[in-house]
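Trainee: I have a structure open on my screen and would like to learn how to read it. Could we go through it together?

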Amino acid sequence: MSRRARVHARGRHAVAQECVPAIPKAEVKHLLATIALIFPLAAPAADAPYLMDQLPILTMKGTLISVPAFRIYVASGYAPSPRNIELLKASPVARGSLRLITFDPVKNNKNLLLCRGSFPVYGPNKTPFASLVEAGLNLELAESGLASPDAPRVQATLDEFDFSSLGTGKWTVAASFAIEGKPPLVISNEFTYPVSAGAVNACGDVMKALAGGVESFLQKLYADPRFAELAL
């Protein structure tokens, strides 16, 4: 191409640039949001320790706009522990003499904890954590043969249900069980577990260790010398 042709081509390119209007940032955000809804982000792998929220989140980083998926963590249900059931069967409590437990939902009905200040951690089906502990405890009492299903229930409160995901992972569970005419039976337990590097994996470790935290708490309850006072 001759020098005159190159100059002429550059001139036409400059005119074309001037004719293209700039797209406002608000329009760019709207377009990207629309794209994110039409073409959702890929689902996590089957073994990923989290789920994806349905709503994308838009963040501005200078001139770069990213559309990250929001991670939530939902623990699986608690299955009765064979080790706990054997512990109950070996206790001196008579069969069919232990009352089932009811946790007061008014005093603690929390069903969500935040991991690393950002990622929600739920119990199974996003039910309250008190309901999770109550169900696990009553199932183990029933399977051990110690429960008296028709007797008035023991009233309990979940005083603490929390975790740490920094350093050594830790689930802390504490509860009080009312005993008529006596001080309440108070049980507090810490269950430790290893934590992986990075927030995504660490919060996944929190979720996976939740069942172990409940199992460990119930073991401490059954081993307490005052546990027999929950009987009829």
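Mentor: Let's start with pairing: two strands pair if DSSP finds at least two bridges between them. In this predicted model, Tyr73 stands opposite Val121 in β8. Strand β4 (residues 71-74) is joined to β8 by two bridges, and the two run parallel.

Trainee: What holds paired strands together in general?

Mentor: Strands of a sheet pair through backbone hydrogen bonds, either parallel or antiparallel. For an antiparallel one, look at β7 and β8, which are joined by four bridges. There, Cys115 stands opposite Phe119 in β8.

Trainee: Which residue takes a positive phi in the hairpin of β7 and β8?

Mentor: That is Arg116, with a phi near 55°. Three residues lie between the two strands of this hairpin.

Trainee: And where do the side chains of β8 point?

Mentor: Phe119 and Val121 point one way from β8 (residues 119-122), while Pro120 and Tyr122 point the other way. All four are buried, and here buried means under 20% relative accessible area. Across the chain, buried residues make up 37% of the 232 residues.

Trainee: How many disulfides does the structure hold?

Mentor: There is one disulfide. Cys115 and Cys203 form it, with their sulfur atoms 2.1 Å apart. To read its handedness, check the angle about the S-S bond: at -90°, this link of Cys115 and Cys203 is left-handed.

Trainee: Which parts does the pair tie together?

Mentor: Cys115 lies in strand β7 (residues 112-115) and Cys203 in helix α5 (residues 199-223), so the pair ties together parts that are 88 residues apart in sequence.

Trainee: Are Cys115 and Cys203 buried or exposed?

Mentor: Both Cys115 and Cys203 are buried.

Trainee: Now the bigger picture. How many helices and strands are in the chain?

Mentor: The chain has five helices and 12 strands. Four of the strands make an open sheet in the order β6-β10-β11-β12, with mixed pairing. Its edge strands are β6 (101-103) and β12 (182-193), each of which pairs on one side only. From one strand to the next, the twist averages 30°.

Trainee: How are β11 and β12 joined? I'd like to find them on the screen.

Mentor: Look for 10 bridges between strand β11 (residues 169-179) and β12, which run antiparallel.

Trainee: What share of the contacts links residues 24 or more positions apart?

Mentor: Such residues account for 66% of the contacts in the chain with a separation of 6 or more.

Trainee: Last one: how should I read the confidence?

Mentor: pLDDT is the predictor's confidence in each residue, from 0 to 100. The chain has a mean pLDDT of 78, and 70% of its residues reach 70 or more. Over residues 27-60 the pLDDT is below 50, and beyond near neighbours in sequence this stretch has 48 contacts in the model. Residues 62-69 also have a pLDDT below 50, with 21 contacts in the model beyond near neighbours in sequence.

Notes
Residues are numbered from 1 along each chain as its sequence is written. This is a predicted model: local features need pLDDT of at least 70, side-chain atom pairs count only at pLDDT 80 or more; totals for chains, interfaces and linings use all residues. Side-chain values use heavy atoms; hydrogens and water are left out. A disulfide is a pair of cysteine sulfur atoms within 2.5 Å. Buried means under 20% relative accessible area, exposed over 50%, partly exposed in between (1.4 Å probe, protein chains only). Contact means heavy atoms within 4.5 Å. Axes are lines fitted to C-alpha atoms, for helices over the stretch in contact, and angles run from 0 to 180 degrees between N-to-C directions.
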